[in-house]
Amino acid sequence: GAMVAVMGGVDAIVFNVGSSSLKADVVETNSGRTCASARVERVGGAATVRLDGAPASACAAADHAEALAAVTGFLDAAGPFDAVGHRVAHGGDRFKAPALLDEAAVADVDALAAIAPLHVPPAVATIRAARARWPDLPHWGVFDTAFHATLPPRAQTYALDAATAQAHGIRRYGFHGTSHSYVAALAATFLKADLRALRIVSCHLGNGASVTAIEQGRSVETSMGMTPLEGLVMGTRCGDLDPGVILHLLRSGLGVDEVDDLLNRRSGLAGLSGTGGDLRDIEERAAAGDDACRRALQVFTHRLRKHIGAMVAVMGGVDAIVFTAGIGENSAVVRERATQRLEFLGAILDEDRNRDVRLSDAAPVAAFHAEHSRVALLAVRTDESRAIAEQIAAAMAERATERSSRGIPIAVSARHVHLTRAAVDVLFGQGHALTPRAPLSQPGQFACEEQVDIIGPKRTIERVRVLGPERPACQIEVSRTDEFFLGLDAPVRASGDVRGSPGVTLRGPAGTVTVPEGVICAWRHIHMHPDDATHFGVADKDVVEVEVCGGPRRLTFGDVLVRVHPEFRLEMHVDTDEANAAELMPGAEGELAGTGGEARVLRKVR
């Protein structure tokens with residue numbers, strides 16, 4: 001909750017999914033300890049699950065939702081939790097920091113599948129399954145591209161026709177940002193230096209691989225681009241490639257999907273060596289004289305050294321070169337070959353120290369440069385789950401700090417209408433889609449361009465705004481003054497509770513709809529995130545009193561309903577009559593009445 005976040009400690013489940021895998025770790029951010037770990041491999045095939053490093057066993061996982069279901073019981077046993085974190089490979093232009101994953105945000109992530117088809121769909125499937133499984137916990141997305149949001153325009157831009165690039169959203173984003181930022185901070189701590197005073201080249205070398213130039217703690221250049229296919233040679237990905245090769249293959253008769261498969265799954269170390277792409281096997285076979293594996297190792301380390309040099313040139317120098325992830329942490333051969341001939345930069349390798357590198361939780365950083373080297377050469381153990389959990393804890397602490405004020409923003413809710421799909425079809429035409437006009441304060445809600453007339457027994461109110469999205473039942477929210485004008489006696493109800501309420505006729509440009517019940521006078525209420533509820537000492541469906549400030553008439557409203565949900569943002573809603581009674585001005589706020597720093601709860605609605 002809020003107090004946990006303010007103190008900096010969060011127990012979180014962190015999900016990291018691939019196209020055919022799901023990794024889940026329960027992380028305690030105060031200690032950095034991983035309390036539980038689950039792995040599901042070969043999702044969609046002969047799936048296996050491994051819990052806390054135990055031997056793998058078969059499981060049913062036809063998709064990522066089933067993979068998550070296979071480990072939820074195990075994860076729950078390690079709880080309780082404060083949050084759920086999701087590693088998302090691509091954040092596009094919108095997500096430049098950890099973000100709460102409400103339905104609108106998940107839809108925005110899903111829309112990125114077109115530019116990251118291998119990474120986004122399984123992440124979205126896992127997010128939706130996890131939100132359904134733990135609906136009362138905040139779900140946070142941490143984006144691999146976010147760290148690279150600081151790339152200057154010259155590093156973001158491809159030399160394509162500008163109009164075409166803009167029309168298709170083509171630009172360089174970069175990836176592995178969570179790992180790069182985490183190991184850079186560890187390196188700075190190890191060197192007893194301020195991260196903002198260092199120039200670091202970070203080499204994340206695993207099945208996916210990238211190099212990033214980090215200057216003053218910010219990413220200024222990176223080897224991956226719009227997708228994770230650009231840059232270094234990787235396990236099965238080709239990395240940098242003349243675009244003419246793709247055109248040649250397409251003109252030679254290969255289909256787009258065949259070329260996609262070739263570049264992403266049958267190239268890189270696997271394609272060069274004729275192996276599965278595991279560097280450990282390649283090194284072993286190269287040492288035994290296998291020419292293909294020797295060539296694969298040479299191409300891999302040559303490309304890596306070339307990109308290291310490019311990053312140093314961009315920054316105009318370097319203070320530390322960092323190697324991380326499976327290959328970077330464990331392959332002395334790769335570290336040696338990648339740093340050979342860098343003496344001109346002042347980076348001098350100590351071969352014995354390099355061979356002796358052994359990283360652990362207790363010793364996550366090891367230096368392997370010579371004593372007289374001007375540039376530090378470091379192997380650093382990355383921990384993306386811990387990095388994600390720490391980012392979530394920081395975001396929750398910031399969110400709680402923002403909410404530390406006792407003031408509750410007040411919004412005036414004018415008359416409006418919620419419609420079903422069937423009603424939209426009749427009022428505006430078959431298949432008509434509601435057109436967003438402006439977002440509302442609560443996530444996923446929006447005012448529409450569409451308007452309808454409300455026809456009551458006595459009079460008609462014209463041009464009443466429709467709010468989206470569509471709902472399972474029509475609901476017409478009006479004030480007491482509106483009721484008298486229409487000739488109705490509507491009950492005061494919480495949103496969604498329309499049973500036994502009066503009906504009305506709605507008229508749109510394409511037809512009319514008779515709503516048998518659905519007219520209510522909205523119960524004044526406060527939307528609260530669970531952190532807010534903890535802060536104010538209230539719970540969902542509590543009824544409280546709110547003293548209204550910000551107008552010429554101070555007024556205390558009784559019978560204010562508290563509504564709590566992880567996707568809500570703190571805000572009190574009153575109708576126009578109530579706003580007029582208090583003569584509310586823009587920016588008005590309310591304070592919960594109570595003693596001892598907590599609200600006085602009048603009663604609880606069941």
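1. H529 sits in the loop between β25 (525-528) and α19 (530-536). Helices (H or I, at least four residues) and strands (E, at least two) are DSSP runs, numbered from the N terminus. This is a predicted model: local features need pLDDT of at least 70, side-chain atom pairs count only at pLDDT 80 or more, and totals for chains, interfaces and linings use all residues. Residues are numbered from 1 along each chain as its sequence is written, and side-chain values use heavy atoms, with hydrogens and water left out.

2. H529 counts as buried because its relative accessibility is 1%. Buried means under 20% relative accessible area, exposed over 50%, partly exposed in between (1.4 Å probe, protein chains only).

3. What does the side chain of H529 reach at 2.9 Å? The backbone nitrogen of D531. A polar atom of the H529 side chain also lies 3.5 Å from the backbone oxygen of P566.

4. I454 belongs to strand β18 (residues 446-455). I454 is buried, at a relative accessible area of 0%. V464 is 10 residues away from I454 in sequence, and 7.3 Å away in space, C-alpha to C-alpha.

5. Now helix α11 (residues 279-287). Here L279, I282 and A286 are buried. Down the axis of α11, the buried residues fall within an arc of 55°, so they line one face of the helix. The arc is that of the directions from the helix axis to the C-beta atoms. The face turned away from the buried side of α11 carries exposed R280, E284 and A287.

6. After α11 comes G289, with a positive phi near 105°.

Terms used: A polar contact is a pair of N or O atoms within 3.5 Å; within protein, one must be able to donate a hydrogen and the other to accept it, and residues adjacent in sequence count only if both atoms are side-chain atoms.
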